[in-house]
Amino acid sequence: MNEFATAREPFARYYARYLVARKGYKLGVVPVAQELLQHCDYVLTSANGNSLSIIGIVDRESERAKTFDMQPADLARVARETVEAQRTPIMLRISIVEIGSFEVDKASRAHLAAYKGRGKGYRTVAIGVDTVARRAWPLPPFGRRFSLAGQVERLMKAPRLSVTDLAGPQLALSFGRPIFTFVLMALLVAVFICEQAFGIGKAGSLAAPTLATLQTLGGLSYPLVMEAGQWWRIFTAPLLHADLTHIGFNCFALFLIGRLLEPLIGRRWTAAVFAVSAIGGSLMSLAVNPINVIGIGASGGIVGLFAAALAVSLRIPAGPMRAGLIMQAIYGLVPALLPFLNVAVSGGKVDYGAHFGGAIGGVTMGFILLSLWPARLPRPRLANLGALLAVLFFAVAASALPTIAAQYRENLQLAPDLASASLDREGEVKRLLDRYPSDPRLRFVHAQNLLKQEDLAGAEADLRAALSDRALLDNAAVSPDLENQIRAVLGAILHEEGRKDEAGKVVAPVCATEKTGSIADYLRKFSLCQ
């Protein structure tokens with residue numbers, strides 16, 4: 001049969017082949033309903049979860065006088081027996097379709113209407129299709145798009161598909177293992193090992209890195225991204241994890257969806273979906289979370305994979321495979337997104353903002369893939385474009401390594417968990433200062449202690465040492481007000497020693513920026529900005 005043969009074959013046969021190729025139906029019927037084969041030219045069956053659909057087609061184009069001649073009571077009996085024969089409760093729909101070059105007149109409508117019925121667990125309906133007028137009956141006043149008659153009428157009016165297109169949807173279902181999924185899992189584990197090896201401060205329970213570690217290694221921080229311009233954190237944060245439980249659950253979820261989705265769309269598009277979803281998760285996390293939260297985790301990208309799978313399931317014919325993919329996607333999406341409906345911003349460890357942003361990115365990518373996926377191809381087109389998107393994502397993350405290394409070296413010179421340290425004791429300050437002599441925060445506290453002892457020279461030396469390392473003063477772990485505080489105190493010391501010109505130069509940057517607040521009051525107290 002050539003490309004044009006479908007235009008010449010009876011519509012009843014074309015419709016039967018369309019149901020098999022595009023809707024996942026199979027020729028044949030469950031044993032209990034074998035009786036239908038005696039009254040129809042084609043009988044097709046589709047099972048999807050707890051629903052069962054049987055369509056019987058009567059070809060009246062080839063034999064105009066033929067009709068569906070089973071008694072309505074017998075059709076209802078077949079439906080009841082089919083439902084009762086199932087091991088689990090189902091919803092059965094039996095649809096009879098008479099197709100031919102005949103007018104669906106009053107008598108035909110009465111004949112078809114007699115088969116409309118409903119019972120426990122089943123529904124029956126019959127429709128007539130006039131292939132000359134290209135009309136189907138009955139068409140409901142509302143919901144025409146979703147009625148069987150409406151669907152058949154639209155198919156009849158549309159250009160017929162070619163033999164190639166009706167050969168069945170081409171799907172790549174067993175092309176090797178989900179390589180990208182395994183590689184990504186390995187990468188996430190490797191990064192987590194680096195969090196332990198290069199941790200700043202002592203790790204907590206379940207190998208939980210400190211906040212200083214996560215921030216230094218690329219965690220998402222609103223001030224650092226939006227104010228300091230460190231946009232690369234949008235790409236690095238999805239590769240970090242908070243503890244063993246966090247990475248364990250994420251890798252498990254990644255495996256569950258990756259083993260189903262990657263064979264369908266290929267490793268390059270799978271990588272692209274993860275990359276776009278991870279970016280979407282980072283952006284939404286920045287938008288909805290408090291500015292003091294450090295956002296991390298691959299869950300945004302993984303939730304995006306679940307969302308993309310839900311969209312991609314539309315490409316798969318109805319049946320167990322499609323139902324399995326949909327259920328897996330729902331199992332992943334519901335716990336990830338449902339709490340977001342109740343709280344706008346998560347107050348716990350789970351970043352629902354990242355989940356929601358990842359889902360948006362994933363479902364968007366899913367529909368883009370559907371638009372790039374013709375029936376004749378086993379996978380979406382433009383796979384190299386997907387590879388490019390993924391490469392760009394990981395390249396940006398990798399390009400941040402020199403910056404991360406520089407910040408790490410700086411943070412090794414800063415005392416970790418300084419806020420919890422007991423700095424009101426002179427011995428504790430000296431102990432920390434011996435270990436972290438370049439920490440400007442410790443130098444400032446030590447200088448204040450020396451001032452209490454009226455050691456102006458020692459205090460001045462500490463304050464000048466605190467100002468000497470520009471990189472440490474600009475470090476994210478250091479308060480942005482610290483430099484102004486150091487300059488104000490140093491200026492006061494120099495002023496008291498009669499070195500007013502020198503004091504003026506030290507406090508000039510502070511006088512230009514501090515107009516109100518405690519630092520401005522301190523400057524006025526010593527008349528340092530006159």
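I began with contacts (heavy atoms within 4.5 Å): in the chain, of those between residues at least 6 apart in sequence, 67% join residues at least 24 apart.

I noted the ground rules next. This is a predicted model, where local features need pLDDT of at least 70, side-chain atom pairs count only at pLDDT 80 or more, and totals for chains, interfaces and linings use all residues. Residues are numbered from 1 along each chain as its sequence is written, and side-chain values use heavy atoms, leaving out hydrogens and water.

Then I looked up the overall form. The radius of gyration, taken over C-alpha atoms, is 35 Å, whereas a compact globule of 530 residues would have one near 24 Å (the rule being 2.2 Å times the number of residues to the power 0.38). I found that the C-alpha atoms fill a box of roughly 120 × 45 × 45 Å along the principal axes.

Burial came next: 48% of the 530 residues are buried (under 20% relative accessible area with a 1.4 Å probe, protein chains only; exposed is over 50%, partly exposed in between).

My last stop was the rings. I counted nine aromatic pairs (Phe, Tyr or Trp six-membered ring centres within 6.5 Å; planes under 30 degrees apart are stacked, over 60 edge-to-face, the rest tilted). Phe11 and Tyr14 have ring centres 6.0 Å apart and planes at 40°, so I logged the pair as tilted. Phe11 is buried at 2% relative accessibility, and Tyr14 is buried at 0%. Phe393 and Phe394 have centres 5.0 Å apart and planes at 90°, so that pair is edge-to-face. Here Phe393 is buried at 1%, while Phe394 is partly exposed at 22%.
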